[in-house]
Amino acid sequence: MSIVIKNTLTGKKEKFVPLEEGKVKMYVCGVTVYDDIHMGHARSMIVFDTIVRYLRYRGYDVVHHTNFTDVDDKIINRAAEEGIDALELSARYIRHYFEDAEKLGINKADYYPKASEEMPAIIKMVEEIIDSGFGYVTEDGSVYFSVDKVKDYGRLTNQKIEDMESSGRVVLDGNKKNPMDFAIWKSAKPGEISWKSPWGEGRPGWHIECSAMIREHLGDEIDIHGGGNDLVFPHHENEILQTEAVTGKPLSKYWMHNGMLQVQGEKMSKSMGNFFRVRDVAEKYDKHAIRFYFLNTHYTSPLLYSEEMLEDAKNSLERLVNNYTDLGAYMKQGPDGGEDVSDAVEKYRENFIAAMDDDFNTRAAIEVLFQLARTTNKSMAEKTLSKEGAGIYVSLLDEFNRVLGIYPEISDDDGTLDSVMEILIDLRAELRERKAYDLSDLIRDRLGEAGIRLEDSGDGAKWKRI
RNA sequence: GUCGGGAUAACACAGAGGCUAUGUGGCGGACUGCAGAUCCGCAUACGGGAGUUCAAAUCUCCCUCCCGACCCCA
């Protein structure tokens, strides 16, 4: 059994074999930090966060880098509007990014390279591209990549240059020799943020930073390169060209792309103006519901965004969380002995791994959780489950949760609250015994207002924080 | 135009030749003083048309419609 990954490069699912056994070098394209991140970015972040978590769960030693594009036209323009320095603006949104990432339960990447801090590596790479004959310098001090020199352009896109030009949208501008040529170094306009280079003051083109930063920090070849599928062309295509022009080696063995989030049938994007900021959504939905919403679909599929969808995810997840907290409570109160759960547990683990091994099918993995919930709910109701068995299930769910991050962390038991609740529950039992339902219901209602949900059942009451 | 991905019950979303998909919502039952949770059951499916096959939601071909990429994008 091994992991299978849908590789954009070949369009097929391929067995995952890293360059170096047991190790995974992974680079995921991050965001251009000129504004707050939206739910579309959140999807990509959660998807790749989960993939990293799973690879680690499967025993791989993963190095994961995600970049920030902190120098680009939009940042420069936005900063000019606000009358501040470009890097001051990008620093602000990088800060926001981390605040938002935390609200999504994202584990930190090992390193976050920023274009502005990688100039020596970027300039070096541009020089190497020129030296290899793939780059040319223009009169104004810009440097372009020459696609004419490339043998098999369009590998990732599976397209020919001629076909793309027929779109009529690609135009020959400036000093380009071929309309498909792209800037790897842009000369600075007066007043713009710039760095010194052999070609004069300027800044990097969009695609070069990723190529340069990968090479600088991860090496010539990596295992997995990820990002949204809107980056396939031209961004990733061009990254491949740049890197291979210099190293002669494939940039990444596997290319993974997540599907777009759609709002009313259209892609969510800044330019469409139909986006929802993570920080706004996170006001109303917690990270577990948001993660569940995203992971309840395969990462490559398009996904509809609406508040109803989030509401739906929240309700669905509640079923799983109820099961999880019930198992937690049963662990303390359930009977000893009971049937052996080890076979069942092993089966669930196998199914979970089989689902995730198949191109990280989180949706199928979640179905395993629902199956587990149904059968354990039943065995708890029938008292055929032992407290030990419940404990084993809880650890199993904790294990799965290290990958998915959808169950809430059980807050440290406050012993005081436990005893207070015990008193209240006993008191209510007494009241109910005397059929003083008005009082017992009042207690339950008031607890609800205080954020504690009390549920009566045949053998005592259960409570949990909500 | 070229290339890619889709169309599955009320909704969302898996599956990929035969095996009860799953969840939310709906309806009906069990449990219950009530509420909630939980369990059991029910209903509504694989865009259309041909074909291959003993057997097709799944494979092949054709058609219709949707989304994305080709300027910026996760």
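Helices (H or I, at least four residues) and strands (E, at least two) are DSSP runs, numbered from the N terminus. This is a predicted model, in which local features need pLDDT of at least 70 and side-chain atom pairs count only at pLDDT 80 or more, while totals for chains, interfaces and linings use all residues. Residues are numbered from 1 along each chain as its sequence is written, chains are lettered from A and ligands numbered from 1 in the order in which they are written, and side-chain values use heavy atoms, with hydrogens and water left out.

**The whole chain**

Of the 466 residues of chain A, 50% count as buried; buried means under 20% relative accessible area, exposed over 50%, and partly exposed in between (1.4 Å probe, protein chains only). With a contact defined as heavy atoms within 4.5 Å, residues 24 or more positions apart account for 76% of the contacts in chain A that have a separation of 6 or more.

**The cavity**

Next, select Val47, Thr50, Ile51, Phe294, Leu295, Thr297, His298, Tyr299, Met356, Phe360 and Thr362, which line the largest cavity. The elements that give two or more residues to this lining are α1 (39-57) and α9 (287-295). With 3 residues, α1 gives the most to the lining. A cavity is a set of points, on a 1 Å grid over the protein atoms alone, where a 1.4 Å probe fits but cannot get out, and lining residues have an atom within 4 Å of a point. The largest cavity has a volume of about 70 Å³, where grid points are joined across faces, edges and corners and a volume is the space filled by probe spheres set on the points.

Then move to Val281, in helix α8 (residues 278-284). Is Val281 buried or exposed? Val281 counts as buried because its relative accessible area is 8%. Not counting residues up to four places away in sequence, Val281 touches Met39, Phe276, Ile290, Tyr305 and Leu310.

**A loop between strands**

Select Lys189, in the loop between β7 (182-187) and β8 (202-204). Lys189 has a relative accessibility of 52%, so it counts as exposed.

**Backbone stops**

Most residues other than glycine have a negative phi, and most peptide bonds are trans. Select Phe233 and Pro234, whose peptide bond is cis, with omega near 0 degrees. Pro234 lies in helix α7 (residues 232-247).

Proceed to Lys383, in the loop between α12 (362-381) and α13 (387-404). Lys383 is not a glycine, yet it has a positive phi of about 65 degrees. Its relative accessibility is 40%, so Lys383 counts as partly exposed.

End at Lys435, in the loop between α14 (415-433) and α15 (437-449). At 61% relative accessibility, Lys435 counts as exposed.

Notes:
1 Å grid on protein atoms, 1.4 Å probe; cavity = no way out; pocket = protein on both sides within 12 Å on 5 of 7 lines; lining within 4 Å.
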